[in-house]
Amino acid sequence: MRRYPNSKSLFSSSSLSLGSSPFLVLLVVLPLIVISVFIFTSCLKTSSWSTYSMPSPLTWRVGFFDNSYTFASFAQSEASVVSYNTSTLNSLYPDDQATSSLRESNDEGAVARGVVKIRHSKLEKMEANLAKIRSSIREAARVRNLTSIYEDPDYVPKGPIYRNANAFHRSYLEMEKLFKIYIYKEGDPPMFHDGPCKSIYSSEGRFIHELEKGKSFTTADPDEALVYFLPFSVVMLVQYLYVPGSHEIDAIGNTVVDYINVIADKYPFWNRSLGADHFILSCHDWGPRTSSYVPHLFNNSIRVLCNANTSEGFNPKKDASFPEIHLRTGEITGLVGGPSPSRRSILAFFAGRLHGHIRRLLLEQWKDKDQDVQVHDQLRNGMSYDSMLKNSRFCLCPSGYEVASPRIVEAIYAECVPVLISDGYVPPFSDVLNWKAFSIQVQVKDIPKIKDILMGISQRQYLRMQRRVKQVQRHFVVNGLPKRFDEFHMTIHSIWLRRLNIRIHD
């Protein structure tokens, strides 16, 4: 048997000289390689980095949109099995109230494991159905007709107001058949399950109330749901928790943190997707800021926001823009309509307070300076805001402190072509509607050129755009009992599209 040198001779200067045997070099290097491989393999087995990794975005072009448009990508996220570390959040409930029956006894644990297995099989079936639907929408998008080929007793989408009428219609019909929403029951009114139905935040309250009725797209079985609604109202949280003048919203943000802690402890769904199949809805300016208190809510969840500002983290691939509708009295009838184009004597109109730098620029340039472009910070006695809207060809819709403005929907209701003046704003339902067909978008730097821009639009082009405004009205109308294709259903469809964009794995 060959005798190996002892450790002293092995590491002596003479044994490591250039003239030493190559075997000695191998004897040193080989064990080091073996040890390195062993350590590296062990680290891979025990490392937890993949457990907490974010869902990786994989771009999936469904063909529903034009690739050149910024909202065009159907981004599919592959959300792997993840564990939301609720220990980092201060739980509201004692451990015995929040834990599942798995912890109570071995027998009950076996039953619970069976339930989990059934739940997983349901999820797999739902994801298989969604895969088929994605394929059918891609197929429908290949039809470039301006009119949908699908029959519908109520309405058939058609015309250039849609980015692809056929794909939209197919998606909408599939949504009506399959889409189910589960509303978490935790939380008490008025900060949860409630919201204002009049004022500038009425869109938020009316949607929450309609969903809470349980008649439209909701399910009492969370295992049947494709998405999960977090039913807090940022408007109500601000009303009850914000201290005026403090400029601090920690109490609001921490309430959201605690709420998600509760549902993450009590249900498996948040942990399963890191919130990717959960959604919030907010028309308050602080909606985006409130969601930032929970990173997974901000980065993963579907956020339906009036304040759809890309410079503040709004991501059109997963977030949905929500129309801001100012119902001053809560009344929803008599809001739509206006005189014919031939009876509209004002080229452009705006009236509003000095909120934000864009309005400041607009007022400095145009306030009380032109009879064709009528811009006011307040209307004189005897002037009616609604009458001015209805007697104008174009209605100026500049952003205020935040990007959203109720004037966009007011213009559509008054059959006045909206002129959007903003930076970073994503208009509502932009994944379906072709806003260029029925609105004018003016860059902030071009505010001094507004009159030239509008005067450069031919009478024929204006009449086409005005007809399209009347056509698109149905998608922004608020109904006491929601009707197909109205504002409520279009909002649901926006959420549905974003659920189609992800695939949840067990």
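Colleague: Which ring does the charged end of Lys185 sit over?

Modeller: That would be the ring of Tyr182, with the charged end 5.8 Å from the ring's centre. Keep in mind that this is a predicted model.

Colleague: Okay, and what does the charged end of Arg474 sit over?

Modeller: The ring of Tyr155, at 3.9 Å from its centre. Tyr155 also belongs to a cluster linked by ring pairs, together with Tyr162, Phe168, Tyr172 and Phe485.

Colleague: How many aromatic pairs are there in the whole structure?

Modeller: A search finds 23 of them. One of them is Phe207 with Phe488, a tilted pair with 5.2 Å centre to centre and 40° between the planes.

Colleague: Where do those two sit in the chain?

Modeller: Phe207 is in helix H6 (residues 202-212) and Phe488 is in helix H17, so you're looking at a link between distant parts of the chain, 281 residues apart.

Colleague: Are Phe207 and Phe488 buried or exposed?

Modeller: Both Phe207 and Phe488 are buried.

Colleague: And why does the pair of Tyr228 and Phe269 count as stacked?

Modeller: Because their planes are at 20°, and anything under 30 degrees counts as stacked. The ring centres are 4.6 Å apart.

Colleague: Which parts does that pair tie together?

Modeller: Tyr228 lies in strand S4 (residues 227-229) and Phe269 in helix H9 (residues 269-273), parts that are 41 residues apart in sequence. Tyr228 is buried, with a relative accessible area of 0%. Phe269 is buried as well, at 2%.

Colleague: New topic: Arg499. Where is it?

Modeller: Look in helix H17, which covers residues 487-500.

Colleague: Why do we call Arg499 buried?

Modeller: Because its relative accessible area is 2%, and the cut-off for buried is under 20%.

Colleague: So what does the side chain of Arg499 reach?

Modeller: The backbone oxygen of Leu226, at 2.7 Å. If you skip neighbours within four places in sequence, Arg499 is in contact with several residues, including Glu127, Phe179, Asp277 and Ile302. Leu226 and Val227 are on that list too.

Colleague: Zooming out, how many helices and strands does the chain have?

Modeller: There are 17 helices and 13 strands. The chain has 506 residues, and 50% of them count as buried.

Colleague: What about contacts between residues at least 6 apart in sequence?

Modeller: Of those, 70% join residues at least 24 apart.

Colleague: Last one: what does the accessible surface of the chain come to?

Modeller: About 24,500 Å², and 54% of that belongs to carbon and sulfur atoms.

Terms used. Residues numbered from 1 in each chain as written. Predicted model: local features only at pLDDT ≥ 70, side-chain atom pairs only at ≥ 80, totals over all residues. Heavy atoms only, no water. Helix = DSSP H or I, 4+ residues; strand = E, 2+ residues; numbered from the N terminus. Buried < 20%, exposed > 50% of the residue type's maximum accessible area, 1.4 Å probe, protein only. Polar contact = N/O pair within 3.5 Å; in protein donor to acceptor, adjacent residues only side chain to side chain. Contact = heavy atoms within 4.5 Å. Phe/Tyr/Trp six-rings, centres within 6.5 Å; stacked < 30°, edge-to-face > 60°. Lys NZ or Arg CZ within 6 Å of the ring centre and 35° of its normal. Areas by Shrake-Rupley, 256 points an atom, 1.4 Å probe, with all protein chains shown as cover.
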